[in-house]
Amino acid sequence: MAQQYRITLLPGDGIGPEIMAVAVDVLKVVEKKFDLQFEFQEALIGGAAIDATGEPLPTATLDVCRNSDAVLLAAIGGYKWDSLPSHLRPEAGLLGLRAGLELFANLRPAKIIPQLIEASTLKREIVEGVDIMVVRELTGGIYFGKPRGIFETETGQKRGVNTMAYTESEIDRIGRVAFETARKRQRKLCSVDKSNVLEVSQLWRDRITKLGAEYPDVELTHLYVDNAAMQLLRAPKQFDTIVTGNLFGDILSDAAAMLTGSIGMLPSASLGASGPGVFEPVHGSAPDIAGQDKANPLAQVLSAAMMLRYGLNQGAAADFLEKGVLQVLQNGARTGDIMSPGMQLLGCSAMGKALIQVLEE
């Protein structure tokens with residue numbers, strides 16, 4: 001009897017529908033190879049939802065997502081909606097989805113793909129073999145703390161205020177995700193904070209250290225965020241799994257992404273304590289090439305692999321997809337964003353077909 005899963009597809013905007021179509025075709029190959037059964041249901045989010053319903057996250061979409069085993073998201077946003085008020089912009093749909101599904105942990109891998117190593121701006125000897133997972137807290141910290149706003153002081157000056165705050169329970173739950181993630185990898189966890197200056201970081205370090213006693217099999221280290229940023233560029237291979245708060249994670253995950261040279265190849269996962277996670281590429285909706293069959297679908301495919309691994313606990317199927325991506329690159333297939341001399345330039349759908357051919361062999 002095939003294992004059954006209900007997957008919500010959110011193609012979104014720009015190149016989203018094109019890359020999602022490839023991911024779905026690839027998952028249909030996975031179904032056959034691993035005796036799985038995926039029930040796909042599609043819903044609106046972002047600009048597409050604004051055009052159809054007037055809001056970036058319709059209630060119907062959130063309901064469909066809640067009733068699924070995993071959510072595969074492509075991309076949202078575009079120039080068309082840039083002038084809307086912030087609560088009606090496509091990005092508000094993504095924030096609403098994270099809040100509605102109570103997703104507090106963001107997993108961002110930065111793994112060097114050997115075939116694309118020349119795309120990195122750093123020397124080969126620095127980045128060769130890099131395989132980092134950044135675990136970022138997603139719903140707390142300075143982006144959500146209160147009070148926040150722009151206020152007028154007694155002297156008539158304006159004063160901008162944002163509050164960086166974390167409770168023990170918020171730190172503990174992201175810490176557990178990080179330790180469990182490290183267990184699936186090389187059992188090394190680096191916690192990043194600014195505890196030499198910030199009280200919120202002192203609490204962070206205390207809680208992560210205490211939690212470390214429950215995971216004696218994971219080697220725990222601590223770094224201040226400024227040093228961590230420097231070390232990421234100086235000697236990135238020292239890192240395996242990194243855990244940090246919302247603001248620091250936002251910055252460090254982008255820095256780690258650039259080690260790989262192509263943000264167009266990177267997936268991500270957002271997880272909660274229970275219920276479905278959301279799996280999406282790191283790149284944006286690329287409205288300038290939308291509808292032209294030029295998009296790189298591989299980050300979407302790798303997001304589907306993360307969905308299999310972290311959302312559906314199908315590690316072997318995830319390995320199968322990831323190896324397929326490496327093989328299609330080894331065969332010389334490239335989309336425009338990762339093209340190099342001597343390789344074969346393919347469009348989005350042709351790259352999908354090349355990948356499926358590899359997977360079916």
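Reader: Which strands does helix H6 lie across?
Author: Helix H6, residues 168-183, lies across strand E4 (103-111), strand E5 (131-137), strand E8 (188-193), E9 and strand E10 (241-244). The direction of H6 is at about 165° to that of E5. Axes here are lines fitted to C-alpha atoms, for helices over the stretch in contact, and angles run from 0 to 180 degrees between N-to-C directions. Helices (H or I, at least four residues) and strands (E, at least two) are DSSP runs, numbered from the N terminus.

Reader: Before we go on, what kind of model is this?
Author: This is a predicted model, in which local features need pLDDT of at least 70 and side-chain atom pairs count only at pLDDT 80 or more, while totals for chains, interfaces and linings use all residues. Residues are numbered from 1 along each chain as its sequence is written, and side-chain values use heavy atoms, with hydrogens and water left out.

Reader: Which helix packs on the sheet and touches E12?
Author: Helix H10, residues 298-311, does, and H10 also touches E1, E2, strand E3 (70-75), E4, E5 and strand E11 (267-272). Contact means heavy atoms within 4.5 Å. The direction of H10 makes about 155° with that of E12 (278-281).

Reader: What order do the strands have in the sheet?
Author: The sheet is open, with ten strands in the order E2-E1-E3-E12-E11-E4-E5-E10-E8-E9 and mixed pairing. Two strands pair if DSSP finds at least two bridges between them.

Reader: Which strands stand at the edges?
Author: Strand E2 (36-42) and strand E9 (219-224) do; each has a single partner strand, so one side of each is left without a neighbour in the sheet. On average, neighbouring strands are turned by 25° against each other, direction ignored.

Reader: How many bridges join E1 to E2?
Author: Seven, and the two strands run parallel. Gln-4 stands opposite Gln-37 in E2.

Reader: And what about E12, which way do its residues point?
Author: Val-278 and Glu-280 point one way, Phe-279 and Pro-281 the other, and all are buried. Buried means under 20% relative accessible area, exposed over 50%, and partly exposed in between (1.4 Å probe, protein chains only). In a regular strand the side chains alternate between the two faces of the sheet.

Reader: Which residues are the bridge partners there?
Author: Val-278 is the partner of Val-71, and Phe-279 is the partner of Ala-269. E3 and E12 pair in the parallel sense over two bridges, whereas E11 and E12 run antiparallel and are joined by four.

Reader: How many residues lie between E11 and E12?
Author: Five; the two strands form a hairpin, and Gly-275 in the turn has a positive phi of about 80°.

Reader: Which residues other than glycine have a positive phi?
Author: Glu-102 is one of them, with phi near 55°. Glu-102 lies in the loop between helix H4 (90-100) and E4, and is exposed at 60% relative accessible area. Arg-187 has a positive phi of about 60° and is in the loop between H6 and E8. Most residues other than glycine have a negative phi, and most peptide bonds are trans.

Reader: Then where is a cis peptide bond?
Author: A cis bond joins Lys-146 and Pro-147, with omega of about 5°. Pro-147 is in the loop between E5 and E6.

Reader: Back to H6. Is Asp-172 buried or exposed?
Author: Asp-172, found in helix H6, counts as buried at 15% relative accessibility. Asp-172 touches Arg-207 and Leu-211, not counting residues up to four places away in sequence.
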